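Subject: Structure for your review

Dear colleague,

Please find below the structure that I am handing over to you. My findings follow directly after it.

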Amino acid sequence: MPFAGIGKEPGTVACAGSAACAPLARVLDETIVVLALPAVVLLIWAVIAALVDNVVFPGPLEAIRGLMLDLGREAYRESILTTVRLLLLSWIISVAAGALIGFGLGLSAFWSRVFAAPMFACYCVPLVTLYPVFILFLGIGEQVRVVFAIAHALPPMALLVMGATAGIDRNLLRLADALTLPWHTKLTKIIIPALIPTLASGARIALGLTMIGLILAGMVSAASGLGHELVSNIANARVARITGQIMFIVILAVVPGLFLRWLERRVSRYR
């Protein structure tokens with residue numbers, strides 16, 4: 001119909017289907033929000049640095065130059081690869097083991113009540129105070145850093161999945177039993193779809209906690225990794241490099257976190 005757009009308000013022809021335009025507008029809004037906060041933070045940082053005008057408070061440009069100096073060293077690039085490798089390993093183990101433990105406990109109301117309080121208590125303990133115990137049993141190496149990072153992320157992951165499993169609609173499970181559905185059908189059609197939003201949320205939270213544990217462990221006992229590099233810069237009072245590395249660590253944690261947040265919002269539609 002060549003004249004379908006005649007007589008309509010300006011702008012309605014380009015966006016004839018509001019349903020088709022809504023996803024694009026939503027993506028644009030989310031992109032603006034994501035980019036606006038870092039821009040405001042950088043602006044405030046630059047203004048404060050210019051007002052202070054002190055070597056102990058470098059601005060964004062000095063921090064970036066310091067980061068570029070670090071990135072020019074082969075040892076620093078090796079530290080980045082080590083941190084990313086250990087982060088992925090710790091995160092995958094935390095998510096998988098936490099999901100399995102939480103699912104197993106959540107299937108039983110009795111065991112959920114038994115383990116809920118101790119797990120909450122363990123999660124509230126500042127694990128950095130127990131790091132010497134980790135070193136005592138595991139020694140100084142990559143294994144103690146991985147286990148320490150897992151210890152930060154596994155309990156909250158298990159608690160989230162345990163609560164979600166215990167909260168599955170029991171009427172659906174009774175209906176499945178009444179229809180004599182096999183266990184794998186109940187698992188794939190009822191249980192897993194109900195847990196997917198919680199798994200996405202737990203994976204996002206576990207990523208940040210794993211990063212915290214890994215950086216802390218690297219700062220205390222490591223010969224490589226971003227935590228070790230950060231301590232080295234602090235010991236040598238390289239303020240610009242310290243600031244640049246902190247900025248790099250934040251980016252390394254935030255970028256995959258934003259992707260997991262987007263994934264979480266996508267799968268939450270099926271809750």
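In this predicted model, helix α4 (residues 109–124) packs against α6 at an angle of about 145 degrees, and their axes lie 10 Å apart. The crossing of these two helices, α4 and α6, is left-handed. On the α4 side, S112, A116, M119, F120 and Y123 take part, and they meet H152, P155, P156, A158, L159 and M162 of α6. By type, the residues of this contact comprise nine nonpolar and two polar ones, with no charged residue.

Regarding the chain as a whole, the secondary structure consists of 10 helices and zero strands. Of its 271 residues, 34% are buried. Among contacts between residues at least 6 apart in sequence, 73% join residues at least 24 apart. The accessible surface amounts to about 16300 Å², and carbon and sulfur atoms account for 74% of that surface.

The largest nonpolar core has 27 residues, of which Y76, W91, V95, L226 and F248 touch the most other members. At least two residues of this core come from each of α3 (74–106), α6 (142–166), α8 (183–220) and α10 (239–267). Another core, of seven residues, lies apart from it and includes I168, I190, I191 and L195.

Which residues is L226 in contact with, leaving aside its neighbours within four places in sequence? They are Y76, S79, I80, T83, I215, Q245, F248, I249 and L252.

Yours sincerely,
A colleague

Definitions and conventions: Residues are numbered from 1 along each chain as its sequence is written. This is a predicted model: local features need pLDDT of at least 70, side-chain atom pairs count only at pLDDT 80 or more; totals for chains, interfaces and linings use all residues. Side-chain values use heavy atoms; hydrogens and water are left out. A nonpolar core is a set of buried Ala, Val, Leu, Ile, Met, Phe, Trp, Tyr and Cys residues joined through side-chain atoms within 4.5 Å. Buried means under 20% relative accessible area, exposed over 50%, partly exposed in between (1.4 Å probe, protein chains only). Helices (H or I, at least four residues) and strands (E, at least two) are DSSP runs, numbered from the N terminus. Contact means heavy atoms within 4.5 Å. Accessible areas come from the Shrake-Rupley method with a 1.4 Å probe; for residues, only the protein chains shown count as cover. Axes are lines fitted to C-alpha atoms, for helices over the stretch in contact, and angles run from 0 to 180 degrees between N-to-C directions. A crossing is left-handed if the near helix is turned anticlockwise from the far one by less than a right angle, and right-handed if clockwise. Ala, Val, Leu, Ile, Met, Phe, Trp, Tyr, Cys and Pro count as nonpolar, Asp, Glu, Lys and Arg as charged, and the others, Gly among them, as polar.
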